[in-house]
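Notebook open, structure loaded. I wanted to look up a hairpin, the nonpolar cores and a chain contact.

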Amino acid sequence: MRDGSAARAATVSVEPALEERRLEKEHEALDEQWRTPPGFAGWLISTDHKSIAVRYIVTAFSFFILGGINAAIMRLQLARPDAHVVGPDLYNQLFTVHGSTMMFLFAVPVMTAFGLYFVPLMIGTRNVAFPRLNNYGYYVYLTGALLLWGAFLLNIGPDTGWFSYPPLSGPEFAPGKRVDIWAQMITFTEIAALVTAIQIIVTVFKQRAPGMSLGRMPLFVWAELVVAFMIVFAMPAVMLDSSYLAIDRLIGTHFFNPAEGGDVLLHQHLFWFFGHPEVYIIFIPALGMVSAIVETFARRPIFGHTAMVLSMIATGFVAFGLWVHHMFATSLPQLGEGFFTAASTMIAIPSGVQIFCWIATIWSGRPRLRVPMLWVIGFVILFVIGGLTGVMIASVPFDLQVHDTYFIVAHFHYVLIGGSVFPLFGAFYYWYPKLTGRMLSETLGKWNFWLFFIGFNVTFFPMHLLGLEGMPRRVYTYPASMGWGELNLLASIGAPIIVASVVVFLVNVWVSRRRGALAGENPWDAPTLEWATSSPPASYAFAHIPVVHGRTPLWDTRDELPVVTGLRSDCREVLVTDLLDAEPDHRYGQAGPSVWPFALAVATAVGIIASIFTPWGTPVGVVLATIALTGWVWPKGRERRELLAGERL
Amino acid sequence: MRAWRHGTAFPIALVAVGQHAQSALDPAGPQGDRFIGLWWLSLAISVAVFVLVVIALLVAALRRRHEPVAVEPVVAPEPAGERSLGRVVNAAVAVTVVLLFVWLVASVRTGRAYTSLRAAGSARAPVEVTITGHQWWWEIEYPDTNPSLRVTTANELHVPVGRPVVLKMTSTDVIHSFWAPNLGGKRDLIPGHVTTMWFQADTPGVYRAQCAEFCGYQHAHMALMVVAEPAGRFRAWLAAQRQPAAPPTDSLRARGERVFLGADCTLCHSIAGTPAGGRQGPDLTHVGSRLTLAAGTLPNTRRNLAGWIVDPQSTKPGSLMPQNPLGSEDLQALISYLEGLR
Amino acid sequence: MTAARARAVVAIGLGALAAATGCEREARPFRSTALTASAPGEVTVSVLQPGPRAPRPEMAEGPYDENAYAIADGKRLFDAYNCSGCHSQGGGGMGPPLMDSTWIYGSAPENIYATIMEGRPNGMPAWQGKIPSDQVWRLVSYVRSLAGLTRKDVRPGRNDDMQVKPAESSMPRQRAIPSTKP
């Protein structure tokens with residue numbers, strides 16, 4: 001953490017006061033360069049990380065609501081024993097689509113979307129590193145999402161669970177194209193996730209504001225960085241896996257056919273090697289959100305910043321050593337059981353460290369209990385419950401009893417909803433002013449929180465007991481004689497309370513969009529750089545790139561934020577800094593809006609969807625993608641090249 | 001529109017003596033007992049940790065709510081305060097590590113106790129049973145070196161009380177999982193693998209077990225009755241099962257047998273002692289003696305049997321048993337015949 | 001909101017595409033649509049008969065040529081009822097091959113139905129009364145898939161067994177050639 005970088009940058013070109021008119025003209029020139037073209041075309045060709053991230057967030061949230069409707073129908077079916085609201089075929093589709101939607105179409109995209117929006121702002125740069133790729137990622141994700149939901153609405157929804165274990169999902173036992181749609185939906189969302197991950201890694205490594213050494217990076221940025229690396233390592237496993245499944249089904253390979261030397265457990269290993277880190281991919285950004293909120297509302301820097309960073313990194317590593325605890329019932333050697341039990345127990349330590357650090361921060365700060373803080377408190381309470389049951393099921397003998405029962409359903413909803421959706425709502429209340437320029441209503445926010453908190457516990461707490469009383473997961477009904485009726489009814493009563501809460505939230509968003517109090521740049525008096533931009537941020541975000549002297553830049557310098565100048569305003573230039581200390585390295589001209597990413601997304605979609613039906617889909621897709629890529633990288637004129645060439649500082 | 005809308009709401013009153021609720025909290029064997037010990041330990045630790053954390057959190061959040069809100073954030077907190085805070089956090093982490101270690105040790109000890117049954121059981125000539133999972137029923141075989149003494153039955157596992165049982169399990173279609181909560185633990189039935197599971201029932205009674213791994217449309221209706229009985233009764237049961245079906249003595253049952261042998265049934269079902277030798281569905285040689293029909297779905301009554309034969313798709317939509325629209329006289333005769341297969 | 005509208009258009013377009021290709025294929029016909037008593041009926045040796053042909057009630061059920069689930073079910077039954085004993089996975093042995101394009105007694109669904117139900121000379125037994133008619137229709141559509149007479153995307157993939165032939169879904173489409181040679 002040397003101070004040299006910032007100091008040098010400052011001597012190069014700190015100009016705290018520019019005359020008003022020149023500034024205005026410069027802003028106009030910048031906006032001319034950076035803004036997204038208006039209208040429908042703008043949607044297709046945009047390269048603005050903010051508009052793409054908002055699209056991601058809105059799309060992902062829409063799928064959260066759709067997945068929630070699935071869940072509500074399931075609760076309706078399970079409210080009474082021997083009910084006939086839906087039959088097994090539809091029920092299986094419901095829970096498969098619910099799980100796949102929540103994991104692949106909601107949780108991961110929304111978490112990385114918040115990163116796409118706020119990471120560049122928090123590290124003081126004007127855009128992500130590969131803006132066109134970003135647009136491509138969104139359309140690939142959108143196509144995958146529409147594929148799954150279009151299929152489901154036509155009664156072709158996948159019906160073998162979000163994990164799709166062969167042989168049940170294999171060619172013999174899953175006729176038709178339902179599972180292929182699941183497998184290709186995975187392909188789409190994984191491409192999108194990888195694109196986003198690479199985006200975030202490069203942006204964080206190379207585009208931080210001068211002076212923002214790694215040690216000064218906000219915790220949310222750290223969280224997104226750790227998650228991006230996890231995505232890079234975890235997603236290839238599931239892509240491999242879903243591809244094996246798809247070609248087993250399409251052209252009759254034998255990866256999962258025991259009679260020809262394949263093994264059905266191979267799928268489980270590959271799937272959970274991705275599937276377990278996936279949980280942390282969803283959870284770690286939430287840790288970053290909680291840290292951001294706690295820091296702002298406790299009115300002090302996070303206690304134990306370094307410990308927090310190390311905890312997140314440790315979680316990221318250990319998360320890859322847990323996958324077999326999803327497979328304890330498949331018969332493992334005892335040594336394996338011991339290893340995975342120990343690893344699964346160990347991951348509680350970094351989580352504990354973080355919870356203690358937050359409590360210490362709140363304790364020693366002067367907490368303001370605004371709505372985002374309520375969600376954080378709710379998060380800690382629910383996450384502790386989910387974490388404790390998580391430690392319980394790390395034990396093999398314990399897990400063998402509750403594995404694949406409602407106890408597990410309760411556990412992971414406590415971890416995923418309590419651990420991720422609660423922070424997400426908090427983050428939404430926290431950052432909504434930045435996204436729209438207006439505050440969300442506090443009153444509705446409190447209703448939103450309390451309804452969700454109560455509804456959630458009423459729904460999911462009884463499930464712990466149901467699991468212990470022997471109710472397995474993924475059953476579309478149960479006999480009255482089992483005695484599970486009352487608790488199931490109770491759980492089903494909680495569901496409408498959650499629905500009511502989400503309705504309150506939507507009303508709040510809708511009403512506040514027009515009539516909310518104006519937010520101003522920094523309504524919460526928060527310390528990080530995203531609050532140094534206007535609300536909502538201008539297309540270029542920062543007219544001048546800020547210089548950072550500490551972990552809480554807006555608190556460190558209360559009056560005027562020091563900046564560097566010298567980036568051109570007549571082309572899309574960003575400042576590239578070095579990896580460790582963020583010393584300015586060179587200026588780099590970014591690519592602007594282009595239709596080719598969208599064309600490539602279409603080519604990808606054609607290739608992937610066609611290969612559900614015929615092996616020729618892949619070559620056709622490759623040819624189309626090659627055409628689109630050629631268009632994308634086609635050499636531009638000499639002048640443009642020079643403009644883009646960048647300049648070493 | 002959907003085929004399963006008219007299901008029968010069947011009355012459930014399993015008339016078996018000693019029917020236990022399917023629950024992990026009502027153990028009936030050494031492994032179930034061990035789980036209970038582990039459960040109470042983890043519950044105690046968890047409640048303590050939860051209460052402490054939530055109290056700390058709420059006190060931290062609320063203790064200054066009456067103070068005026070500070071306008072200026074504290075950018076550089078006092079080092080002394082930070083140090084004492086650090087000590088508390090370190091202590092909390094240390095306690096966490098210790099608790100986790102205690103839990104780990106308890107878990108490993110319980111795991112070893114689980115396998116000790118295997119070690120002890122091997123020495124005591126355990127009852128060996130082969131279970132094959134099918135969509136959506138359980139094929140159960142008591143192997144014997146003498147093929148004529150082998151017993152094949154379905155959806156009902158009889159075991160003697162107080163003797164270790166080893167299950168050798170596999171599947172011919174998709175992955176299933178055997179789970180008898182009262183007897184402890186579960187084990188997957190995986191095509192291409194043979195998994196083993198040890199358990200022992202100490203209290204006589206009927207314990208319901210259920211498939212725990214999602215296996216398709218009728219995953220919800222794939223149950224199994226574990227009947228734990230004194231050694232003598234178990235031996236008697238096994239001896240009875242080894243007998244072929246008794247030929248019908250009255251004309252009604254004789255007609256039933258003719259219906260059975262003349263209709264679709266024989267392609268899938270076997271009845272030892274008759275030409276019926278299908279292996280696709282459960283063996284029906286002693287179907288009348290079983291507690292339930294359709295893999296633990298219906299109590300074995302005359303009415304349920306009739307409903308199941310005529311229209312299995314309303315009870316278990318997606319089941320592989322086809323509908324059998326028999327004339328009512330044929331049906332009555334068939335039921336009488338099947339009921340008599342004891 | 002042109003963009004929202006555009007998205008709606010895309011969604012509808014995708015939906016229509018899937019509807020055109022998917023719905024019938026993906027239905028799950030668990031129960032027989034027209035339940036008829038499978039008690040032994042009269043066995044007709046030939047479909048030739050004087051006067052207008054009497055409609056057979058069970059014709060209403062099938063065939064299931066467009067339904068992947070029913071065809072897969074047919075494949076399961078083909079195995080379960082030991083059709084391979086003579087037709088050897090469709091390659092033919094004691095009985096004629098079913099994978100080729102040559103059809104002695106006709107390749108239309110009702111021909112195959114009659115072949116299974118009523119049997120044929122030289123060894124094909126009559127399954128009337130042994131296999132419920134709904135299952136026979138499933139077998140019919142599976143046999144037609146074996147011969148490449150159904151659409152590729154409804155045919156089954158490989159089985160989880162030793163492979164003796166390529167999966168039905170990998171077979172090319174074929175045209176049935178009537179044969180006069182019994």
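**Hairpin in chain A**

I started with β3(A) and β4(A), which form a hairpin with six residues between them. In the turn, A582(A) has a positive phi of about 60 degrees. Strands here are DSSP E runs of at least two residues, helices H or I runs of at least four, numbered from the N terminus. β3 (573-577) and β4 (584-589) of chain A run antiparallel, joined by five bridges; pairing takes at least two DSSP bridges. I found T577(A) opposite P584(A) in β4(A).

**Ground rules**

This is a predicted model: local features need pLDDT of at least 70 and side-chain atom pairs 80 or more, while totals for chains, interfaces and linings use all residues. Residues are numbered from 1 along each chain as its sequence is written, with chains lettered from A and ligands numbered from 1 in the order written.

**Cores**

I looked up the largest nonpolar core next, and it has 307 residues. A core means buried Ala, Val, Leu, Ile, Met, Phe, Trp, Tyr and Cys joined through C-beta atoms within 7 Å; buried means 20 or more other C-beta atoms within 10 Å, with C-beta atoms placed from the backbone. L148(A) and V226(B) are among those with the most contacts inside this core. Helix α5 (88-122) of chain A gives the most to this core, 22 residues. Apart from it lies another core of 26 residues, including I71(C) and Y142(C).

**Chain A with chain B**

The contact (C-beta atoms within 7 Å) takes 77 residues from chain B and 80 from chain A. On the chain B side, α2(B) brings the largest share, 16 residues.

Methods:
A residue is buried if 20 or more other C-beta atoms lie within 10 Å of its own, exposed if 12 or fewer, and partly exposed in between; C-beta atoms are placed from the backbone. Two residues are in contact if their C-beta atoms, placed from the backbone, lie within 7 Å.
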